[in-house]
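Please have your viewer ready.

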Amino acid sequence: MNALIGLPIILPLLGAAASIALGAHRPLQRLISIGVLATLTATTAVTLVRVDRNGITAVQVGGWEAPTGISLVADRLSVVLLLTALVTLFAVLVYAVGQGSFDQPGSEARHVGFHPLYLILTAGVSFAFLTGDLFNLFVAFEVMLMASYALLTLGGRADQVRSGMTYVVISLIASTLFLAALAYVYAATGTVNMADLHDKIAALPAGLRSSLAVLLIVVFGIKAAIFPLFFWLPDSYPTAPTAITAVFAGLLTKIGVYTMIRTQTVMFTPATRPGTLLLVVAGATMVVGVLGAVAQNEIKRLLSFHIVSQIGYMVMGLGLFTVAGVAGAIIFTVHQILVKTSLFLVGGIIEEKAGTGRLARLGGLARTEPLLAVLFLLPALSLAGIPPLSGFVGKLALVDAGLDDRAYVVVGVSLVVSLLTLYSMTKIWAGAFWGTRSEGASDLPPAKGTTGTAIMTSATAALVSVTVAIAVFAGPLHELSTRAAADLVDPTPYIEAVLGR
Amino acid sequence: MRRSLIFDSTVRLVFDLAMVLSAYMLFAGHNQPGGGFVGGLVAGAAIALRFLMGDLRDVIGVVRFKPWTPLAVGLALAAGTSIWTVATGSEPLDHGAREFDVWGIGAVKVTTATVFDAGVYCIVVGLVLMILEAFADEIEPADDGEPGEVRR
């Protein structure tokens, strides 16, 4: 059954090949993409059950043994996040197909390249989660970035290319730093296998060790958009088609967080982990992100600043470096991927129906679109952490872990930021859903393409119901994340599984 | 468009040699420097020379396929060879080798890694073709004007 582990990387690539060959037949392309993602979601769910039952599973690619060859490792953390990512990618794909009926530059219907690129992005995302090797993590990031450069600028509009340039430049800088970090790691230890690095990095001088840790934090911090490396994010995401923005916003930054959790726990021994630094960064990220969000007047931009703010919570959980803290970070990441993506999808439907995302020009949607209002309200309240929704589960776990660890300052900051999050969400609510449509909005075209919006709305509804399910199954999920976190805080089982000791 | 006789003749000569070199690199890559990526880059460079010469359309026209066909074929080959071993119960990307006795040549060792490399080669060539075609769409024939002069 180890065969299932490589599947999420290779199947999308095969699908992409078929999709390129069938460029002229959009329905067949859709069928391939949906088929691939549905299959992968199912097999990954099976893998999750197996990994949780039998422990960490490692596959040595090509049959070459661990520190020499490339390892694919499925542990609870990677499989839980991979499953969440695949569910999100699946829902967004269906949404994109629905949106394709609208005449938007760069949307799914307008460009043959959408499906192949989307599948290659899927392969890159899966690879990033599954690889147990630092160099292949770099490769996975590059696969993801190549696909995302193209997806961001698929429409070819001037503003898309301009913000795409920001994204390309910042990603190239991050990649160069990553490559430099890799070179340092390899020069110092002679291996890039993360399990193998655990003992070898511990044997290095303290100064070298902490520079490596900080360099890796900077690299993945740029990807994850932590303070003070977040400045590129709010400018580059909002111009792409909604489906693309939703995937990038919901997923790609969280992969940065995942790699941060992975590298800081597996590669470094408990005594050498930069806890305090991460907690300070976490607090600053929360505050700066939410203050940026409060100042925005446009739905997608406001949500983009929220991404930054919420990343702070995940880093806070990691910075505690306790089982409870990392478990909280894992739950919060799962919750964020789903909730943030749904919010962007709802924002897209609002723009589609009202013709604008500017809050000043919206209003009264609660009366005209009650279903949309519910679909917005659930993830918005969840984001702010109102019980009993999934955000509350995540934040409760984090605050609890913080109090256990006596990190009172960062816990206090996180609670204040929650209030500000609630405030900025009510800003969207009051602007878009309450009140009456403002002057100048009436001349806009009315809602069109009912089949398209129906597909978009049901994809969003499915994703929102998954976030509600998280709150319902909070108990089992918390236990699962605690088991996952235990394997990270003390990575001995991971190392044994990979190196076969 | 003013064409340089020297450049054109050189490219005609170099193109064939470079394509043979790229094929050699593809097959030599198993045990020696080379491989699908390097071979593909050499082929891509040769095709780029033809593009500079101005007859990329002839190249694409002769082989009669869309530039993305090699991309799709290559991706399918590379991904296919990496997953098919799983069906036989071994690890992904595992490879097999078999020696054949070909009359007149002697023992020929065929490995699945070569198929994977051929896939990589096709991907690189397809990508170069797509990039060049995208550039070619932007270029208008500069019938008049001196070389280097910007048309307004």
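This is a predicted model: local features need pLDDT of at least 70, side-chain atom pairs count only at pLDDT 80 or more; totals for chains, interfaces and linings use all residues.

Residues are numbered from 1 along each chain as its sequence is written, chains are lettered from A in the order in which they are written, and side-chain values use heavy atoms, without hydrogens and water.

Let's start inside. Searching the whole structure turns up 2 cavities of 30 Å³ or more (on a 1 Å grid over the protein atoms alone, sets of points where a 1.4 Å probe fits but cannot get out; lining residues have an atom within 4 Å of a point).

| Largest cavity | Value |
|---|---|
| Volume | about 130 Å³ |
| Lining | 13 residues |
| Lining residues from H6(A) | 4 residues |

Leu145(A), Tyr167(A), Ser171(A), Lys223(A) and Trp232(A) lie nearest the centre of the largest cavity. H6(A) gives the most to its lining, while H5, H8 and H10 of chain A, like H6, each supply at least two residues.

Helix H6 (residues 158–189) also holds Val161(A), which is partly exposed at 38% relative accessible area (between 20% and 50%, 1.4 Å probe, protein chains only). With Met165(A), Val169(A) and Ile173(A), Val161(A) forms a nonpolar surface patch of about 330 Å² accessible area together. An α-helix has 3.6 residues a turn, so residues three or four places apart point the same way.

Note on methods. Patches are made of residues with over 30% relative accessible area and no salt bridge: like charges are joined within 9 Å, nonpolar side chains (Val, Leu, Ile, Met, Phe, Trp, Tyr) within 5 Å. Accessible areas come from the Shrake-Rupley method with a 1.4 Å probe; for residues, only the protein chains shown count as cover. A salt bridge is a side-chain nitrogen of Lys or Arg within 4 Å of a carboxyl oxygen of Asp or Glu. On a 1 Å grid over the protein atoms alone, a cavity is a set of points where a 1.4 Å probe fits but cannot get out, and a pocket is an open set with protein on both sides within 12 Å along at least five of seven lines; lining residues have an atom within 4 Å of a point. Grid points are joined across faces, edges and corners, and a volume is the space filled by probe spheres set on the points.
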